[in-house]
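Notebook open, model loaded. I want to see what packs against what, and I will jot things down as I look them up.

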Amino acid sequence: GETIYQKGFGMANLDYNIPITVKSKFSIASVSKQFTAACIAVLILDGKFDLETPVSEFIPALKKYPETIQIKHLVYNTSGINDYYKLPRASGKSWITFNYFEIDECISTSLNEDTLLFKPGTRWDYCNVNFMLLTKIVEQVSGESFADFAQKRLFRPLGMTDTFVNDDI
């Protein structure tokens, strides 16, 4: 029950010669998708919806597609939604991180497509927008920001005191 050894190894920032310590914070990028799915699972356990619930109940823009996209299709990357970075940006800029963009721009870019890549549930295709939509559902159903919900319902109860969602792009 007690820590007997802890140390950071390597460099957190080579430009400024900042070493990694036991208190260093790291961006986990797409590994965060498991936490998004866990938030969805919490809401399912709360009885707010289930995996078969149509996403269009929360995201009306999805009603334009003839096929029903369900919560499970987003979680399992089987929605058929074309991911934003495969599509041109309205501004003409690339999707490279230093060309600032927000989640809403990514979602609207993907949902501007009039057709899905495939019928939901028939194929797997890794899609970041699926999880962006799931965060919007968490916010809508819980009435709080995704960061606050994850903090209250996942991280604190699990004792993850150094874990947080950085939603300040």
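I started at Ile 137 and listed its contacts (heavy atoms within 4.5 Å). Skipping neighbours within four places in sequence, Ile 137 touches Ile 40, Phe 49, Val 55, Phe 58, Ile 59, Ile 71 and Leu 74.

Housekeeping before I go on: this is a predicted model, so local features need pLDDT of at least 70 and side-chain atom pairs count only at pLDDT 80 or more, while totals for chains, interfaces and linings use all residues. Numbering runs from 1 along each chain as its sequence is written, and side-chain values use heavy atoms, with hydrogens and water left out.

Next I looked up the nonpolar core, meaning a set of buried Ala, Val, Leu, Ile, Met, Phe, Trp, Tyr and Cys residues joined through side-chain atoms within 4.5 Å. Buried is under 20% relative accessible area, exposed is over 50%, and partly exposed is in between (1.4 Å probe, protein chains only). The largest core has 35 residues, and Ile 71, Ile 81 and Ile 137 have the most contacts inside it. At least two of its residues come from each of α1, α2 (71-75), α3 (103-111), α4 and α5. The top contributor is α4, with seven residues. My helices and strands are DSSP runs numbered from the N terminus: H or I with at least four residues, E with at least two. A general reminder to myself: in soluble globular proteins, nonpolar side chains tend to be buried together.

Then I checked α5. Seven of the 10 residues in this helix (residues 146-155) are buried, so the rest of the structure largely encloses it. I noted the buried ones as Phe 146, Ala 147, Phe 149, Ala 150, Gln 151, Leu 154 and Phe 155. They pack against α1 (33-45) and α4 (128-142).

On to rings. I paired Phe, Tyr and Trp rings (six-membered ring for Trp) with centres within 6.5 Å; planes under 30 degrees apart are stacked, over 60 edge-to-face, the rest tilted. Searching the whole structure gave me seven aromatic pairs. One of them is Phe 49 with Phe 58, edge-to-face at 5.5 Å centre to centre and 65 degrees between the planes. Phe 49 and Phe 58 are both buried. I also found Tyr 84 and Trp 95 with centres 4.7 Å apart and planes at 80 degrees, so that pair is edge-to-face. Both sit in the loop between α2 and α3, so the pair ties together parts 11 residues apart in sequence. Tyr 84 and Trp 95 are buried too. Ring pairs join Tyr 84, Tyr 85, Trp 95 and Phe 101 into a cluster.

What does Cys 106 touch, leaving aside neighbours within four places in sequence? I got Tyr 84, Trp 95, Phe 101, Val 129 and Met 132. Cys 106 belongs to helix α3 and is buried, at 0% relative accessible area.

Gln 70 was next, in the loop between α1 and α2. Gln 70 is buried at 18% relative accessible area. Beyond residues up to four places away in sequence, Gln 70 touches Leu 51, Glu 52, Thr 53, Pro 54 and Val 55.

Last stop, Tyr 5, in the segment before β1 (11-13). Tyr 5 is exposed, with a relative accessible area of 59%.
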